Amino acid sequence: MKHNEPAQGRETPFAYRADIDGLRAIAILSVVAFHAFPSMLPGGFVGVDIFFVISGFLISSIIFRGLEKDKFSFGDFYVHRIRRIFPALIVVLTACFVFGWFSLLPEEYKQLGKHMAAGAGFIQNFVLWKESGYFDVESDMKPLLHLWSLSVEEQFYLLYPLLVWAIWRAKMSVRAMILLLMAASFALNLWWIQEDPVRTFYLPITRVWELLAGAVCALVALRAGGMPMPRLCADDARNRNVLSVLGLLLIVVAIAIIDRTRLFPGWWALLPVTGAALLVLSGPQAWVNRHLLANPVMVWVGLISYPLYLWHWPLLSFTHILTPTAPSPGARAAAVALSFLLAWLTYRLLERPIRFSNKSWLVPAALVLLLTINGFAGFNDFHRNGLSFRLPTNIKQEPVFAGNTDTICESADGAGLEFCRQSRAGKPTVFILGDSHAWHLFQGLASAAEATGDIVAIRAVGACMGFSGISSDTKRSDCAPAKARIASAAENDSVDTVVISARWDMYFKQLPQESFERAIRDTLTSLGQRRKHIVFVMDIPILDFHPKYCLDIHLPLRPNISAMGTCAVAQHTFEEQSGRYREVVMGILKDFPDVDVYDSAAKLCHDKLCWAMKDGELLYRDYDHLSQVGSDYIAKSLWPVIQHRPIGARPARPMRAASPVDEPAGRSAT
């Protein structure tokens, strides 16, 4: 994300507006606060949308004014962009590369390299879109994630001037073109947000309407394109004040009521975009603009907003990466304070001197070369798998996990499902039903099935009790439609045993208890009527640290197990967190005595601790999913429970589930 035109200086082709810098300050402070303390300012991410409006306004003003005076030059336009954007970006990319060398594991450094190359090439938004998925690395572990918005803007600047120039030269209506494109982009945003929120969030085609809202403001302010000045924008102090107050109110409301659970941008983006547009249109003489936005402190923050945006997220991300548990508020506050210092130094010592230096072609040429070197360094890092030679020994303990789908599923009933695999081609005999906590059992059970000739299959969707169509993620639109297909696969005549596993605590916390219980009861009843052998898996403990910190790896800036003390969570903590949902689930299962119960925690908890590592190998891949090693480990005791049912009807037996304390596995384990 970038804040385009300078607040002052020789390259500004129109009167400097201090209130625009103040509006930048509102945007950047919102974003920084959201990233550092998301629970305190849940809607702060809309600051990016405010920046889009500002950028569209300033860039369009430059283009329209240049075209009006017949002085617009593509060369000058792009040289100014290079001088404005490249210096701070080069420094931040270089700093991340150097710091990562001493702190990141190979897989982490490999991802950083990919994002460096994407950031230098201004395609980070496309890369993040393609990376997205249930098992994507959490955003806090991606130091260059924030460059997606800078990429959106640069893609806009690459094509937009050419389009405006062509329409202007053809003597067509620039106003009509902008309004048409804006309407089309907004409509596509509304359409796609229901089908694919991630794609809608990252792609420029569904974001360009926000930048074009700024272009409309430029048309109004410059009276270009034949658009008359609206009545409310006339030189009437009261009307200007009404616009500015309304604009500020819309931004405040957006920050207050929008959060990550909303489908964004969608309709919700109208709040910050309209608010920013009204503040821009109200002009520098409006009361809010004059007294709040043009305040010297706000202007100063606005002046450093671009380098502040570039610095703050890598600092917060590395703070998260280098802290085994969640960073303390003090650590996050320190990262924010450091980002302000680095932003100010970058602005004073680098950005301003380069932007306002002599007009020699050597400066932009050198900047292009340096950014190209950044991109190549990142690509080389990615291509060479994170430059693992940086480490004293080869890392064999890094948590690994199999991919999501295979070719069998792509051409069968599981096509399109997020988690879909079979151990081999043919009709499955064992079916795993649930969400990602069913998925992480697949690898181990598939390996165990090789000895018996069984075929293990899974059809599932992340964060979704597929058998009920209920999702714990309001942004998922693929859960309910998958219900019938998943149920059909589980009830197939070839399937003898159904293993049910899910992150039960998540659904228990987020759903009404009645809905939670009904979903489980209905599933058990339906499968029981079809005479399926049912194995109900009680869930694994959830970690409060990332298991990668258990690796005994010595990097100068990398914490490891010696800093953590032990690679485990206290068993009493696990029992406190899971006790209530386990009590409810066990109450349900008492009504289904033919169901076998397997308790994963029984294999992972002993000596009053629930372990994330065994014999030097990680059992977890992240906070709440098993690694391949962990999947194999659990399968050794789970597979005998699966094989417990004889051919034909199975006599009812009294049910007893193992607890993490008294038995090493579920009641039917051998």
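Tyr 347 counts as buried because its relative accessibility is 6%. Buried means under 20% relative accessible area, exposed means over 50%, and partly exposed lies in between, using a 1.4 Å probe and protein chains only. Tyr 347 sits in helix 15, residues 329-355. Tyr 347 and Ile 304 are 43 residues apart in sequence, yet their C-alpha atoms are 6.0 Å apart in space.

This is a predicted model, where local features need pLDDT of at least 70, side-chain atom pairs count only at pLDDT 80 or more, and totals for chains, interfaces and linings use all residues. Residues are numbered from 1 along each chain as its sequence is written, and side-chain values use heavy atoms, with hydrogens and water left out.

Now take the whole chain. It has 25 helices and 13 strands. These are DSSP runs numbered from the N terminus: helices are H or I with at least four residues, strands are E with at least two. Of the 670 residues, 55% count as buried. Contact means heavy atoms within 4.5 Å. Among contacts between residues at least 6 apart in sequence, 78% join residues at least 24 apart.

Next, the interior. In soluble globular proteins, nonpolar side chains tend to be buried together. A nonpolar core is a set of buried Ala, Val, Leu, Ile, Met, Phe, Trp, Tyr and Cys residues joined through side-chain atoms within 4.5 Å. The largest one here has 82 residues. Those with the most contacts inside it are Leu 23, Ile 63, Phe 64, Tyr 160, Val 164 and Ile 178. Helix 2, residues 47-68, gives the largest share of this core, 13 residues. Apart from this core lies another, of 46 residues, including Ala 601, Cys 610, Ile 634 and Trp 639.

What does Tyr 160 contact, leaving aside its neighbours within four places in sequence? The partners are Ser 60, Ile 63, Phe 64, Ile 178, Leu 212 and Ala 215.

Finally, look at the backbone. Most residues other than glycine have a negative phi, and most peptide bonds are trans. Leu 387 is not a glycine, yet has a positive phi of about 50°. Leu 387 lies in the loop between helix 16 (362-383) and helix 17 (407-410). Leu 387 is buried, with a relative accessible area of 4%. Arg 531, also not a glycine, has a positive phi of about 60°. Its loop runs between helix 21 (513-529) and strand 7 (533-538). The peptide bond from Phe 264 to Pro 265 is cis, with omega near 15°. Pro 265 belongs to the loop between helix 10 (237-257) and helix 11 (270-282).
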